[in-house]
Amino acid sequence: MTIGIGIVGAGIMGADHARILHQGIAGAVLAGIHDADRPRAARLAADTRGTRIFETAAEMIGDPAIGAVLIASPDETHAPLALACIAAGKPVLCEKPLAATLEACRDILASEIAGGRRLVQVGYMRRFDPGYRAMRQSVAEGRLGAPLMMHCVHRNAVAPHYITSDLVIANAMVHEFDVARFVLGEDFAAASVSSPRASGNAPARQPQFAVLETSSGVVVDIEAFLDCQYGYDVRAELVCENGSIALAPNPPVAIRQDGRDGFALAPDWRGRFVDAYREQMQAWVASAASGRPAAGSSAWDGYVASATAAACLEARRTGAKVRIDVGARPDFYA
Ligand code: ISE
């Protein structure tokens, strides 16, 4: 059985997902594109050898040729689109964040639970990166003793103009919120945030530095600096009682040239996480075909990442340490 995938949004991420599908994902075919900007949809359709263009997202979601929907449109559209897909009984891979507000995240949870099927996977692709998976496994096996601290660095060369200091947290740092929970296997209990002064290269946007505590007392620090100029740089080290485990440079080859010895950096996340994006897509298609819940982040995980971001935004605003209480996870998401 081959599932027809419809993509909403033909921007950077929509185009990247279309390319991955077009290059070949077992059990799936790119079957439709919708973008509010029709010429942009037409360009992507042409790049993917004439994929069908739908005039509205609703038409695409309702079309029998579309078996599952990938949402890569602006954040405010995620919730209405995900709700429409749940109503139509179609699996969804929704780019992060799950929704633009916590209330909208809760609407998605309620609608999925009411429908009785887990249809939503959130595009926190780092869960499919081998480095983070190895960290998670080492925690699960207890090989290095109990985890004590996790240090995370998240740098982009240059951020788009619309990314505000708040969005550095709500749109970029959310990756660390999700993947640190994935690695540690527990929720956060408290957050505090410091905002260093802005770089002269991007005077309107401050880097953000968060310190989170998990319920068992692990401390996770996260630097998010989206204007570092030199490339895409994501690092993580988990420090445990008897050793530490860290992400290795990616790609794992060093280049010696012009008197230097070093590792090349990808210009942005699409290159750094190219394999993770592909694995994420393949896992999503497999879950859509089998009807089993997706292997990646669930709607609950998406909600928790956004709730953690909301706590960090409050901590940034008030300068206080903020308690994080996401409530009990419904059994539906166990
Ligand atoms: C950006 O906002 C993203 O969406 C990417 O997924 C992330 O890896 C990148 O660092 C963010 O700035």
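Tutor: Contact here means heavy atoms within 4.5 Å. This is a predicted model, where local features need pLDDT of at least 70, side-chain atom pairs count only at pLDDT 80 or more, and totals for chains, interfaces and linings use all residues. Residues are numbered from 1 along each chain as its sequence is written, and side-chain values use heavy atoms, with hydrogens and water left out.

Student: OK, what does Val220 touch?
Tutor: Leaving out residues up to four places away in sequence, Val220 touches Met150, Cys152, Ala180, Leu184, Phe188, Ala210, Val211 and Leu212.

Student: And which residues have the most contacts inside the largest nonpolar core?
Tutor: Ile5, Phe177 and Val220, in a core of 105 residues. Such a core is a set of buried Ala, Val, Leu, Ile, Met, Phe, Trp, Tyr and Cys residues joined through side-chain atoms within 4.5 Å; buried means under 20% relative accessible area with a 1.4 Å probe, protein chains only.

Student: Switching topic: how is the chain divided?
Tutor: Into domain 1 (3–124 + 276–297) and domain 2 (126–270 + 306–323), with bounds from an automatic or database domain assignment. Their centres, taken over C-alpha atoms, are 26 Å apart.

Student: What area is buried between domain 1 and domain 2?
Tutor: About 1400 Å², with carbon and sulfur atoms giving 63%. That's the accessible area (1.4 Å probe) that two parts lose on being put together, summed over both. Lys96, Leu102 and Tyr124 supply 39% of what domain 1 buries against domain 2.

Definitions and conventions. Buried < 20%, exposed > 50% of the residue type's maximum accessible area, 1.4 Å probe, protein only.
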